[in-house]
Every structure is written in structure tokens, then in C-alpha cells.
Amino acid sequence: MSDKHFLPHIARMQGYVPGEQPQDSELIKLNTNENPYPPSPRVLERIRDACDGNLRRYPDAGAHNVRCRLGELFGVAAEQTLIGNGSDELLNIAVRCFVGPGDKVVYPWPTYSYYDKLVHMQDGRIVKIDFAADFTLPTDLPIEDARLTCIANPNSPSGTLTPVSVIATLAQRTRGILIVDEAYVDFTEGGCAHLIHQHPNVFVVRTMSKSFSLAGMRLGFGFAHADLVAGMWKVKDHYNINTLSLVAAAAALDDIATMQANAKRIRQTRDHLTRQLETLGFSVWDSAANFVLARIAAPAASWLYEELKQRRILVRYFDQPRLHDCLRISVGTEVETTALIEALAELLD
Ligand SMILES: *Cc1c(COP(=O)(O)O)cnc(C)c1O
């Protein structure tokens, strides 16, 4: 393939490699932080009902139903909400709105590496500030001339949580835009949605992929000052969410209790998994998410990853300096977790 037609900064791009999605249903899949439990039964019912002649029509570009429900649930106005085709699309919209060639985008590292791709697409300048060893927020933040600062909270791949009070102070001191990516917030307490009322530069992004068990429907939502939402609205594709996804989102939001029950169960399994991993000799960062990051000096994490894969258990390995001796393991069902621990015990024996 010839690069000559591409803009130079696009030709230089590496692209983002998502976690593997093998089509093998026997696999114990603990690599992309999907929810092991099904979504609210209402979701399937309402999707079935919506599969009718109305599919010939375009979806509601304003996502009215979903935005009203979000407003009620989170104490924000519909004008302060934005629905995305996954939270990835919302991050994409924000970066296209706020970052031009050479502009500084700052994030603590290691974190969600999709941010790299988004900044590269705009030919922006990435400034990665290393997290401390315990994954507390680097004290050099904020960076004075950053156009955009991104904090995943809880962070991936560490699972660690920065307290809301620390994020609030950062929002106060940040002059550019601050994105708080709360993909995993339902697995912990709190969240930063309320910060949008005091801080017109804060964009809080959430997803239905993890806690709501709807990764396949591609649904994210964002909260910000109405002016910020209005500006980003101009950039989003008008029909960005398909009709069935809108139906699924509204149904899932009408049954928050199912999401919360699943999240509670996952937290219990996570704490159990953490203790078992520690017994096996791993050190595990305190996780506020539906996965854990586990480090081991020997044997090599890359070897463990391969051996687990042989045994049809898929976890995530990152070939990066800070993470080369770590595995990121999603919290599955109790049965899946037991199978993982048994396989690891055998490999470490
Ligand atoms: C999974 C994840 C996302 C993307 O979620 P989608 O809504 O499925 O696009 C965003 N940020 C972080 C930190 C994630 O882990």
C-alpha cells in the first residue's frame, strides 16, 4: 500500500490494537473487561419489540429519551448530556473539537492507550506524565499550556482510583479541558458528574459497555456544561446511535438495579480474586474496577499469558516497560475465576 495519498501524520500513525475478540465460545475471556453477566432482561424484550417497520426510519438524532433519563438519574439537564457510539466516540469528538496540530494533550501514564490514537489523528502533541509506583496522580498536574488533560478514573490498566476531591482540585486548577473518563465508576463509589456544575471545562465520560453489560451495543454518555455540549454536538455524526441501541440504553437505564446487583457481585469476586492472586505470589494494585492488575517477578508474565491462552483462558498482556511483568485480568464469574486461579496455581507450581 502506498502512503503517498495520506496526510503525513496519518501515514505515521500506528493505529490502536484492541484486545482480541476470538469467536471461540468455550474460551474463558478475561481480556477486555466485559461484564460476565447479561444485561437487564428488559433490554432484550424492548429490542425485540423495536424490531418492526419503524427500522426503516432514521433514529432520533437528539436521543431524547435517553438524555431525559440520564438527566433524571444524574441530576443534570438534558442539554448537559451527549450520547456516543461507545464512550470511544465521545472521546473522539472531544479530541477533534479541542486539539489541533501541535497542541499539547496531557495524561498520566500508563493509561487507556486509545488516547494516543486520537491525538495522533489530530497531529497533536502527547505529553505523558508517569504515574507514581502506587498509581497516585502525578503531582506535576496540571500542565500549564495543556489544551486537553485526560484522566481515566478508575484508571486502566491499574484499576486504581483517584479520590473525587483530588479530581475537583485538578479541575479548579486546569485551564484547558479536563476529561474524566469514568468507564469503570459503577464498580466503586462516587464519580465526578457533579463537577460539571462548577467547572465549565470538565467533560465526564461514561459507558454502558462494562457495568451495564452492553459492550456490543456501543453506548457511551457524557456530561458537561451546556455550552461545551452544544459545541461538541456540531461535530458528532447526526445519527450516531442506531435505533436499537437507543432502545437498549433506555431499557437499561430503567432497570439500574440489575446493573448494580451485577456490579456488587463483580466487586465481591474481584476482592476474592485479589486475595487468591496474592496467595499465589502476585502483587495486586487496589482495584476499584472490574479487573485487576497483577504483577509477578517470575516467571515471565508474557509466558503466563501464553500458557493461559493454551489452556483457553485469555487475559491481557501489555508489552510496555511499566507493564511487562504484569497481567491485567478481568473479573469473570466465580466459576471462571476459580478456573483461572487453578490454572495459575498449576503454572506456578
Ligand atoms: C472500555 C473503555 C472505554 C471505551 O468504552 P466504550 O464505551 O466501549 O467505547 C473508554 N475508556 C476506558 C478507560 C475504557 O477502559
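The following conversation goes through a predicted protein model, from its overall form to single residues.

Q: What kind of model is this, and how are residues numbered?
A: The model is predicted: local features need pLDDT of at least 70, side-chain atom pairs count only at pLDDT 80 or more, and totals for chains, interfaces and linings use all residues. Residues are numbered from 1 along each chain as its sequence is written, and side-chain values use heavy atoms, with hydrogens and water left out.

Q: How many helices and strands are there?
A: The protein has 11 helices and 12 strands. Both are DSSP runs numbered from the N terminus: helices are H or I with at least four residues, and strands are E with at least two.

Q: Why is it called as compact as a globular protein of that length?
A: Its radius of gyration is 20 Å, close to the 20 Å that the globule rule gives for 349 residues, so the protein is as compact as a globular protein of that length. The radius is taken over C-alpha atoms, and the rule is 2.2 Å times the number of residues to the power 0.38. Along the principal axes, the C-alpha atoms fill a box of roughly 60 × 50 × 50 Å.

Q: What percentage of the residues is buried?
A: Of the 349 residues, 52% count as buried. Buried means under 20% relative accessible area, exposed over 50%, and partly exposed in between (1.4 Å probe, protein chains only).

Q: Which domains does the assignment give?
A: There is domain 1 (3-38 + 257-348) and domain 2 (41-255); the bounds come from an automatic or database domain assignment. Their C-alpha centres lie 23 Å apart.

Q: How many residues of each are in contact with the other domain?
A: 31 residues of domain 1 are in contact with 34 residues of domain 2, where contact means heavy atoms within 4.5 Å.

Q: Turning to helix 5, which of its residues are buried?
A: In helix 5 (residues 114-121), the buried residues are Y114, Y115, D116, L118 and V119.

Q: What do they pack against?
A: The partners are helix 4 (87-98), strand 3 (104-109), strand 4 (125-130), strand 5 (148-152) and strand 6 (177-181). Just after helix 5, D123 takes a positive phi of about 60 degrees.

Q: Which other residues have a positive phi without being glycine?
A: N33 is one of them, with phi near 60 degrees, and S213 is another, at about 60 degrees. N33 lies in the loop between strand 1 (28-29) and helix 2 (41-50), and S213 in the loop between strand 7 (202-207) and strand 8 (220-223).

Q: Are those two buried or exposed?
A: N33 counts as buried because its relative accessibility is 1%. S213 is buried too, with a relative accessible area of 15%.

Q: Where are the cis peptide bonds?
A: One joins L141 and P142, with omega about -5 degrees; P142 is in the loop between strand 4 and strand 5. Another joins S156 and P157, with omega about 10 degrees, and P157 sits in the loop between strand 5 and helix 6 (164-173).

Q: Next, S287: what is it in contact with?
A: Leaving aside neighbours within four places in sequence, S287 is in contact with G159, R270 and V292. S287 lies in the loop between strand 9 (283-284) and strand 10 (291-295), and counts as buried because its relative accessibility is 13%.

Q: And is H238 buried or exposed?
A: H238 counts as exposed, at 54% relative accessibility. H238 is in the loop between helix 7 (226-233) and helix 8 (243-253).
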